[in-house]
Amino acid sequence: MKVINVLQDFQIQLGNSVVKTLYGDNFYIMSDSFFQKLKFLIPNSLGIEIPFREIYNQYNGEDLSGRKVLGLRHGGGGDILFMLTAFRELKRKFPSVEIDVAVGNQYIPIVVGEESVKKTLSIPITLNDWNEYNYHFIFENLIENNEKASRYNAYDLFMEQMKIDFEKVSIENKIPRITLFEAEKNIALRKFQFLGSPLKKVGIQVTASSPVRTYPPSKFLPVISHLTENNYEVYLFGSELQSQEIEYLVKQSNSNKVFSIVQPLREAIVIASFMNYFIAPDSMFIHIAGAFQIPLLGIYGPFRSSLRMKYFKNAIALDVESGCSPCFKHGMNPCPKGDPSPCLNLISSEMIIETFDKLVKEIKS
Amino acid sequence: MKEDRISQETNSEKKKLDEIYEDALNRVANAIFSNVKILIEERLSSLEPILSEIETIKFNTVALSTLLHSEGFFTEKEFKECFNEVVKSFGVVDEEGKIKGKVVLNKYNFSS
């Protein structure tokens, strides 16, 4: 984390095309990568840096009754849910604690409606805002540079960071929650009338946020065919960045039961809540489906599914055990041993079809 | 005599040309391999521990194929074949080029 003095007003485009103004003569708390971006864009408008340790009030298990705390994690979507689930537990432990969170602007839609959180800030935040809190919980690099992340379930790991004895927490309280409002659902039903159809709906997250965890999208084609032939509707979820792959799959499937869901995140979450089943790689929609307790099938290679899905209800995962998998690789680079990752290539379309049918059978029985 | 002189001159020319050619080849080779080194560092840095264990010939194959592919000398198919050769040596794929490993099914929290 960096604490940098910004000398002049500056507007910067954030992850979801929102423009944020950084005001001159203010100190901002930001991630190292955001700082690198600023160094490139406005090298002459950056002033002195304060060492982060000097402003960081780390929590060490003190009584939080009546205290004000801030949790900070930029993203991605799953990580925000790890943080919110742990904060719910912290709120159970200290009902009078006031919790605010700072997240990447594009992930604010996940926090909307979360009852344990009072205020949501968008990263970077000012030092003045930062100083309002008695304690700060920093979750940056908790998954990325932490050996424990290869042994602990992520929901446990985030609780441990909050000094919560996660072994005493019920499984029920380790399942993420997303609060939706009735009005949002009604708007979605009006806007996307196909959601009102009586057919069973299967959501598929087409690619993961990282190429190393992405299942080859073209291998979903036989899966989509199988589903439509069995009278399911298929909803393909993804961001603008993945719209080409999604449009390709919609076109190739040649079926009026296949829909592209490339929508703003909050809308996509609302639509996801209408799904009867979900198929996803190790990425955000696994956790969104988990939060809505939708029966789901996870596709895992670089990480073990138990590290993410262990507490979800009615969940099945396909894990790969190979010479190099699980490798616990992070970041935005493809696997150095091949792209798509060789481990994920081991999972055939037929295996997904067979496992999906098994999932349906288990639910019905 | 005249023919001998011409022949000698020709040989001398040829030798000189060969030397120039060889020198040029060396320069090209050095240039390629210094580029290759950069490519390795830039693109395959995470592979260093593995690459160091691979025989030189394979090391050069992947590096060279990466370079030649980026310069447009290889088709995608040729590049992949070449790359797969090296991937084999990582122990990810077997002799037939099939990825080694197994898929395991895990179930979580089914309500009975």
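This is a predicted model: local features need pLDDT of at least 70, side-chain atom pairs count only at pLDDT 80 or more; totals for chains, interfaces and linings use all residues.
How many salt bridges does the rule find across the interface of chain A and chain B? The rule finds two salt bridges there. Between them, chain A and chain B bury about 2,200 Å².

**Interface of chain A and chain B**

- Carbon and sulfur atoms account for 60% of the area of about 2,200 Å² that chain A and chain B bury between them.
- In chain A, the residues that lose the most area to chain B are A:Glu321, A:Pro336 and A:Lys337, together 26% of what that side buries.
- Chain A brings 31 residues to the contact, and chain B brings 20 residues.
- A salt bridge joins B:Lys107 to A:Glu362, with the closest N and O atoms 2.3 Å apart.

**H9(A) with H10(A)**

- Helix H9 of chain A spans residues 265-272 and helix H10 of chain A spans residues 284-291; the two pack at an angle of about 50°, with their axes 10 Å apart.
- That angle makes H9(A) oblique to H10(A).
- The crossing of H9(A) and H10(A) is right-handed.
- On the side of H9(A), the contact is made by A:Leu265, A:Ala268, A:Ile269 and A:Ala272, and on the side of H10(A) by A:Met284, A:Phe285 and A:Ile288.
- By class, this contact of H9(A) with H10(A) has seven nonpolar residues, with no polar and no charged ones.

**H2(A) with H10(A)**

- H10(A) also packs with helix H2 of chain A (residues 77-93), at an angle of about 40° and with the axes 7 Å apart.
- H2(A) and H10(A) are therefore oblique to each other.
- From H2(A), A:Gly77, A:Gly78, A:Leu81 and A:Phe82 meet A:Met284, A:His287 and A:Ile288 of H10(A).
- The contact of H2(A) with H10(A) divides into four nonpolar and three polar residues, with no charged ones.
- A:Met284 and A:Ile288 of H10(A) take part in the contact with H9(A) and also in the contact with H2(A).

**H7(A) with H13(A)**

- Helix H7 (residues 220-229) and helix H13 (residues 349-364), both of chain A, pack at an angle of about 35°, and their axes are 8 Å apart.
- H7(A) and H13(A) cross in a right-handed sense.
- A:Phe220, A:Pro222, A:Val223, A:His226 and A:Leu227 of H7(A) meet A:Ser349, A:Ile352, A:Ile353, A:Phe356 and A:Asp357 of H13(A).
- The contact of H7(A) with H13(A) has seven nonpolar, two polar and one charged residues by class.

**Backbone features of chain A**

- The peptide bond from A:Ile123 to A:Pro124 is cis, and its omega is near 5°.
- A:Pro124 is placed in the loop between strand S8 (119-122) and strand S9 (125-126) of chain A.
- A:Gln293 is not a glycine, yet has a positive phi of about 55°.
- The loop that holds A:Gln293 lies between H10 and strand S15 (296-299) of chain A.

How values were computed
Residues are numbered from 1 along each chain as its sequence is written. Chains are lettered from A and ligands numbered from 1 in the order in which they are written. Side-chain values use heavy atoms; hydrogens and water are left out. Axes are lines fitted to C-alpha atoms, for helices over the stretch in contact, and angles run from 0 to 180 degrees between N-to-C directions. Helices (H or I, at least four residues) and strands (E, at least two) are DSSP runs, numbered from the N terminus. Angles under 35 degrees count as roughly parallel, over 145 as roughly antiparallel, 65 to 115 as roughly perpendicular and the rest as oblique. A crossing is left-handed if the near helix is turned anticlockwise from the far one by less than a right angle, and right-handed if clockwise. Contact means heavy atoms within 4.5 Å. Ala, Val, Leu, Ile, Met, Phe, Trp, Tyr, Cys and Pro count as nonpolar, Asp, Glu, Lys and Arg as charged, and the others, Gly among them, as polar. Buried area is the accessible area (1.4 Å probe) that two parts lose on being put together, summed over both. A salt bridge is a side-chain nitrogen of Lys or Arg within 4 Å of a carboxyl oxygen of Asp or Glu.
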